[in-house]
Amino acid sequence: MNQKNVQRRAFTLIELLVVIAIIAILAAILFPVFAQAREKARQASCMSNLRQIGMGFTMYIQDYDELLPDRRDLKNSLPGGWKPWTSWPTSDPRAGWALVVMDPYIKNSAVWNCPSVSGTSMGWAIQVLQATTAAPSPSTNYWLWRFDRPDNPVPLDDCWGKSINLAVTDLQLAKNPQVGYPDGPTDVELAVDPYFPKTIPTVSADLKGR
């Protein structure tokens, strides 16, 4: 074949720019969709974690005469002690004590870490992260608000060592506007993702509203 008759085909600059523009448009459309799908997957994983935590508490109650755990000693003795900060929250809802107590029922320590919080600045916040012993030990970043103070006697709006019925009755008597008025055990908040309202002036700027 005569090489003079061979035609070489290549992209022109205009064609290349058009392809790049199309890719950029598709990326702009699809990246938010991918991000939403990824966050939905994290939410599903978080719900699974919370369900397992709830099941762990249920099994504990069955083994301990229908009473919730009372480990205020751990609340005070875990690394950092109780409430090692001066800013919000004004109590210590971290769940390191629960990881220790629930070990016979929840063997996978990863259950105690919310996938949406782990690896973020919020996940490393002193008000959120709690290790059980010196690093690199298992840690938690969920909050257990109804076990947030080690007071003696146990406050009405804490659940240390109480039966389910007594916990509900005490929460009703507490009239805590943040708790609300629970009609039954299913209305009692047990484990939640950490959060920092924008309305709290003591929250640091990098945590506010998260």
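**Pockets, aromatic pairs and a buried arginine**

Author: Start with the second largest pocket, whose volume is about 370 Å³. Its lining has 18 residues, and the closest to its centre are Trp 145, Arg 146, Asn 176, Gln 178 and Tyr 195. The model is predicted: local features need pLDDT of at least 70, side-chain atom pairs count only at pLDDT 80 or more, and totals for chains, interfaces and linings use all residues. Residues are numbered from 1 along each chain as its sequence is written, and side-chain values use heavy atoms, without hydrogens and water.

Reader: How do I read a pocket and its volume?

Author: A pocket is an open set of points on a 1 Å grid over the protein atoms alone, where a 1.4 Å probe fits, with protein on both sides within 12 Å along at least five of seven lines; lining residues have an atom within 4 Å of a point. Points join across faces, edges and corners, and the volume is the space filled by probe spheres set on them.

Reader: How do the residues of the lining of the second largest pocket divide?

Author: Into 8 nonpolar, 4 polar and 6 charged. Ala, Val, Leu, Ile, Met, Phe, Trp, Tyr, Cys and Pro count as nonpolar, Asp, Glu, Lys and Arg as charged, the others as polar.

Reader: What is the volume of the largest pocket?

Author: About 430 Å³. Of its 20 lining residues, Leu 68, Ile 164, Pro 185, Val 188 and Leu 190 are the closest to the centre. This lining holds 13 nonpolar, 4 polar and 3 charged residues. Helix α1 gives the largest share, 5 residues. Helices are DSSP runs (H or I, at least four residues), as are strands (E, at least two), numbered from the N terminus.

Reader: How is a pair of aromatic rings described?

Author: By the distance of the centres and the angle of the planes. Rings of Phe, Tyr and Trp (its six-membered ring) pair with centres within 6.5 Å; planes under 30 degrees apart are stacked, over 60 edge-to-face, the rest tilted. The structure holds 14 aromatic pairs. Phe 57 and Phe 147 form a tilted one, 5.9 Å centre to centre with 35° between the planes. Phe 57 sits in helix α1 and Phe 147 in the loop between β2 (139-140) and α4, 90 residues apart. Both are buried.

Reader: Is Arg 94 buried or exposed?

Author: Buried means under 20% relative accessible area, exposed over 50%, partly exposed in between (1.4 Å probe, protein chains only). Arg 94 has a relative accessible area of 2%, so it is buried. Its place is the loop between α2 (72-77) and α3 (96-101). A polar atom of the Arg 94 side chain lies 3.0 Å from the backbone oxygen of Gly 81.

Definitions and conventions
A polar contact is a pair of N or O atoms within 3.5 Å; within protein, one must be able to donate a hydrogen and the other to accept it, and residues adjacent in sequence count only if both atoms are side-chain atoms.
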